[in-house]
Amino acid sequence: MNLTEDEKAVVFLDCFEHLEYKYKAQLLLSLDRPSDIFKDGKYLERYFKSVGQGAVGENIVKAMEIKGFVDDAVKDATCNADGVVTIFSDNYPESLKAINLPPLALYYKGNVKLLDEKQKFSIVGSRRTFEPYITKTQEVAETLTDNGIVVVTGFAEGGDRAAIDGAIKNGKVITVFAGGVDAVYPKHHEPLALAVAENGLIISEHRCKFAPKFYSFIMRNRIIAGLGGGVLIVSGNRKSGTRHTAEFALDSGREVCCFPYGFGEAGAICKELVKNGAALVESAKDIASVMGYTLKEKKSIEISEDESVVLNLIKKGITDSDDIIINSKLSVAKAIETLTNLEIKKLIVRDSDSSYALTQAEE
């Protein structure tokens with residue numbers, strides 16, 4: 001990995017995990033160039049002493065004096081990443097520079113050019129997201145990415161996973177880790193992480209080998225909110241981490257959209273946000289209207305006579321699979337084949353109780 005001296009300086013300083021962000025940022029911004037930290041150890045000592053961190057400054061200067069220490073530290077910090085973009089790099093996203101506490105470095109795996117895309121939209125949801133909302137989230141993510149809009153999300157089960165599943169086939173997904181880009185959490189998502197790295201982009205503000213902490217999940221959400229021009233809150237109760245993403249988005253002047261929910265605790269954060277002015281949306285088309293996106297018209301889908309019969313039954317409210325078979329007057333095998341074809345064409349979706357519902361494409 002070939003890093004400039006300025007990038008190396010940011011990564012090296014970033015290696016000192018217990019050094020508060022504000023001290024790192026103030027120091028780097030006080031210099032003409034980040035690489036100046038390697039030129040004047042006395043300046044570093046004076047700076048850290050002035051902010052009450054004299055011992056830290058001495059340790060950093062001593063470390064730099066050890067032959068090969070800086071190169072070894074930088075190599076270890078980036079060991080499992082494809083590269084790093086710093087706040088001083090030309091391809092650092094302008095949208096992140098405008099947020100509070102912009103990350104000093106973004107370690108990445110995958111297609112870093114996705115950071116340059118102008119239209120990015122964030123989607124987050126609770127781990128406990130109901131199946132119909134999972135399906136709807138996948139549809140929204142797929143439609144947005146079909147239209148060249150990059151979807152930004154986290155890496156949890158539920159709403160985040162649905163956003164990834166819908167966006168990844170178009171190679172337009174950025175997922176933000178709470179740990180290093182090699183710290184896959186949850187662990188059983190390693191195949192998914194590999195798929196995102198191959199077909200999208202994984203980023204983190206933390207060095208490689210950094211295990212996610214409670215606070216890092218919260219702070220990660222400011223990056224998700226900051227990268228997107230707006231954010232869709234798929235699901236979440238009042239204590240859900242999605243609240244943090246919504247708050248970061250609002251603080252940064254981003255549009256906040258929410259899926260609709262009925263009575264009860266389910267989707268409480270969405271209902272609360274809508275009451276306070278967030279946009280209520282049910283489709284990618286609704287999001288496009290809020291964000292000013294232009295979506296291409298979908299090509300018409302050809303359906304057979306049998307498929308038309310089954311679709312009309314579902315439109316009339318006959319949604320149970322057994323009732324569909326009886327009322328369609330098709331053989332069991334033919335009815336199942338027809339339902340499967342309609343699912344493949346994404347005109348209907350099957351729920352966990354073997355009932356069917358129309359998708360947005362057919363509503």
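User: Is F12 buried or exposed?
Analyst: F12 is buried, because its relative accessibility is 0%. Buried means under 20% relative accessible area, exposed over 50% and partly exposed in between, with a 1.4 Å probe and protein chains only. F16 has 22% relative accessibility, so it counts as partly exposed. As for conventions, this is a predicted model, in which local features need pLDDT of at least 70, side-chain atom pairs count only at pLDDT 80 or more, and totals for chains, interfaces and linings use all residues. Residues are numbered from 1 along each chain as its sequence is written, and side-chain values use heavy atoms, without hydrogens and water.

User: How many aromatic pairs does the count come to?
Analyst: A pair of aromatic rings is described by the distance of the centres and the angle of the planes. Rings of Phe, Tyr and Trp (its six-membered ring) pair if their centres lie within 6.5 Å; planes under 30 degrees apart are stacked, over 60 edge-to-face, and the rest tilted. The count here is nine aromatic pairs. F12 and F16 form an edge-to-face pair, because their ring centres are 5.3 Å apart and their planes stand at 85°. Y133 and Y261, by contrast, are a stacked pair, with 4.2 Å from centre to centre and 5° between the planes. Y133 is in helix α7 (residues 131-146) and Y261 in the loop between β8 (255-258) and α12 (268-275), so this pair ties together parts that are 128 residues apart in sequence. Both Y133 and Y261 are buried. F12, F16, F38 and F69 are linked into a cluster by ring pairs.

User: Which charged end sits over the ring of F210?
Analyst: That of K213, at 4.3 Å from the ring centre. The test asks for NZ of Lys or CZ of Arg within 6 Å of the ring centre and within 35 degrees of the ring normal.

User: What order do the nine strands of the open sheet have?
Analyst: Strands of a sheet pair through backbone hydrogen bonds, either parallel or antiparallel. Two strands pair if DSSP finds at least two bridges between them. Strands (E, at least two residues) and helices (H or I, at least four) are DSSP runs numbered from the N terminus. The order is β1-β2-β6-β5-β4-β3-β7-β8-β9, and the pairing is mixed. β1 (83-86) and β9 (279-280) are the edge strands, each pairing on one side only. An antiparallel case is β2 (residues 105-110) with β6 (residues 201-204), joined by four bridges; there, Y107 has S204 of β6 as its bridge partner. A parallel case is β3 (residues 120-124) with β4, over three bridges, where F121 is partnered by V151 of β4. In strand β4 (residues 150-153), V150 and V152 point one way, V151 and T153 point the other, and all are buried.

User: Which residues of helix α9 are buried?
Analyst: An α-helix has 3.6 residues a turn, so residues three or four places apart point the same way. In α9 (residues 190-199), the buried ones are L192, A193 and V196. They line one face of the helix, because they fall within an arc of 100° seen down the axis of α9; the arc is that of the directions from the helix axis to the C-beta atoms. P191, L194 and E198 are exposed on the other side. The cover over the buried residues includes α8 (159-167), β5 (173-176) and β6.

User: What does the side chain of E307 reach?
Analyst: The backbone nitrogen of S304, at 2.8 Å. E307 lies in helix α14 (residues 305-315) and counts as buried because its relative accessibility is 4%. Leaving aside residues up to four places away in sequence, E307 touches E302, T338, N341, L342 and K345, where contact means heavy atoms within 4.5 Å.

User: Which residues does a cis peptide bond join?
Analyst: Most residues other than glycine have a negative phi, and most peptide bonds are trans. The cis bond here joins Y185 and P186, with omega about 0°; P186 is in the loop between β5 and α9. L101 has a positive phi near 55° and sits in the loop between α6 (94-97) and β2. K346 also has a positive phi, near 60°, in the loop between α16 (332-344) and β10 (348-350). L101 is partly exposed at 41% relative accessibility, and K346 is partly exposed at 36%.

Technical notes
Polar contact = N/O pair within 3.5 Å; in protein donor to acceptor, adjacent residues only side chain to side chain.
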